[in-house]
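This briefing walks through a single protein model, topic by topic, for a reader who will want to check each point against the coordinates. Please keep the sequence and the structure open while reading.

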Amino acid sequence: DWVMVNYIDEAVARIREQVGDDEVILGLSGGVDSSVAAALVHQAIGDRLTCVFVDHGLLRLDEARMVMEMFADRLHVKVLAIDASEAFLGELAGVSDPELKRKIIGREFVEVFTREAGRLEQAKWLAQGTIYPDVIESGGAKTKKATTIKSHHNVGGLPETLGLKLLEPLRELFKDEVRELGVALGLPHDMVYRHPFPGPGLGVRILGEVKREYADLLRRADAIFIEELRNTIDPVSNKSWYELTSQAFAVFLPVKSVGVMGDGRTYEYVVALRAVQTSDFMTADWAELPYALLKTVSSRIINEVRGINRVTYDVSSKPPATIEWE
Ligand code: XMP
């Protein structure tokens, strides 16, 4: 589409003019905004962009591998992948308060990123996937309620501590424009139309204390749920249930319940499935997923993920419930 091609040309020219011969770093999360920003900045300055991808141990199944495959292997973007899971999970040990978990994850992220960025001494710029709604939200701080219900630091707050200049090439774009841009830049449709994923990741989807064992179980259950949502097409709309929901995921409940398997009794953990439909994430309805889909997901999780013997479906709307469980 010509409008988009022109837009890319202009954006590329602007980035080149702005950064000159300087080097740029960008925190790649695997989310839509940072991915599109990375693809765009890479188109403009190629190897003078270095992306830093921090694995906090609370990512979805295969996330790190998929990001590396997409950016490093296919697009030939320089990506530094940092496995910081030991550090994050270590700091989180024994902590069960949701807001404290968010704070720890945010703080640890800044620490790891700052250290890695410090090694890239030539870098003068920090590129970020800030989009127009983010700009309004932070600029409109005056009108925002003093008490936020949940702190939403999207693992950000970096520039001041780093002493880098800010490059925000998506600042004028709405989410749907960012997606179109991503497709035009050659990113796969599935990546660009992904559901949102919170910065603290599985850290707020494992209720209470976070443990690697729990994260490993949750990742596998969640991947099964998402796979089935993507593969189940609603015959009326001809869309997949992944497309028909705004956000869907599994939540780990650290309680054990009794089950039977073969001749034996099991005593294992519970997973809750959450799927919502919403236009703005401020209010949301639980999605009326087909029973057949829920049935497949449930039996696959229980059969394939040893350690989970019960699956429940969350039928709470927002408000009064929130989308995430923490
Ligand atoms: P709630 O649970 O408040 O979620 O209904 C609304 C939207 O915000 C996302 N969310 C977060 N995103 N850091 C983020 O980057 C966070 O700490 C966080 N908490 C919630 C949530 O996934 C949903 O899309």
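Gly31 counts as partly exposed because 19 other C-beta atoms lie within 10 Å, and this residue sits in the loop between β1 (23-28) and α2 (32-45).

**Confidence of the prediction**

- The average pLDDT of the protein is 93, and 93% of the residues score at least 70.
- Residues 141-147 are a stretch over which pLDDT stays under 50, and for this stretch the model has zero contacts beyond four places in sequence.
- For the complex, the predictor gives an ipTM of 0.99 together with a pTM of 0.94.

**Domains and their contact**

- The protein is divided into domain 1, covering residues 2-192, and domain 2, covering residues 205-313, and the centres of the two, taken over C-alpha atoms, are separated by 28 Å.
- To the contact between them, domain 1 gives 10 residues and domain 2 gives nine residues.
- On the side of domain 1 that touches domain 2, the residues divide into five nonpolar, three polar and two charged.

**Surroundings of the ligand**

- Which of the 15 residues around the ligand come nearest? They are Pro198, Gly199, Thr322, Ile323 and Glu324.
- The shell around the ligand is made up of six nonpolar, five polar and four charged residues.

**The annotated binding site**

- An unreviewed UniProt entry lists Ser29, Gly30, Gly31, Val32, Asp33, Ser34 and Ser35 under "binding site".
- Ser34, one of the residues in that UniProt list, lies in helix α2 and is classed as buried because it has 23 C-beta neighbours inside 10 Å, where 20 or more are required.
- When neighbours within four places in sequence are left aside, the contacts of Ser34 are with Leu26, Gly27, Leu28, Ser29 and Gly129.

**A lysine in helix α12**

- Lys295 belongs to helix α12, which spans residues 291-304, and is exposed, since 12 other C-beta atoms lie within 10 Å and the class takes in residues with 12 or fewer.
- Lys295 and Arg171 are 124 residues apart along the chain, and their C-alpha atoms are separated by 43 Å.

**Backbone geometry to check**

- As background, most residues other than glycine have a negative phi, and most peptide bonds are trans.
- The peptide bond from Lys318 to Pro319 is cis, with omega near -15°, and Pro319 lies in the segment after β11 (308-313).
- The peptide bond from Pro319 to Pro320 is also cis, with omega near 5°, and Pro320 likewise has its place in the segment after β11.
- Asp62 has a phi near 65°, a positive value in a residue other than glycine, and is located in the loop between β2 (49-55) and α3 (63-74).
- Is Asp62 buried or exposed? Asp62 is exposed, because 11 other C-beta atoms are found within 10 Å.
- Asn238 has a positive phi as well, near 65°, and lies in the loop between β6 (233-234) and β7 (239-240).
- Asn238 is classed as exposed because 8 other C-beta atoms lie within 10 Å.

Note on methods: Residues numbered from 1 in each chain as written. Predicted model: local features only at pLDDT ≥ 70, side-chain atom pairs only at ≥ 80, totals over all residues. Domains from an automatic or database assignment. Contact = placed C-beta atoms within 7 Å. Nonpolar A, V, L, I, M, F, W, Y, C, P; charged D, E, K, R; others polar. Near = placed C-beta within 6 Å. UniProt positions renumbered as here; feature names shortened; annotations may be inferred. Helix = DSSP H or I, 4+ residues; strand = E, 2+ residues; numbered from the N terminus. pLDDT = per-residue confidence, 0-100.
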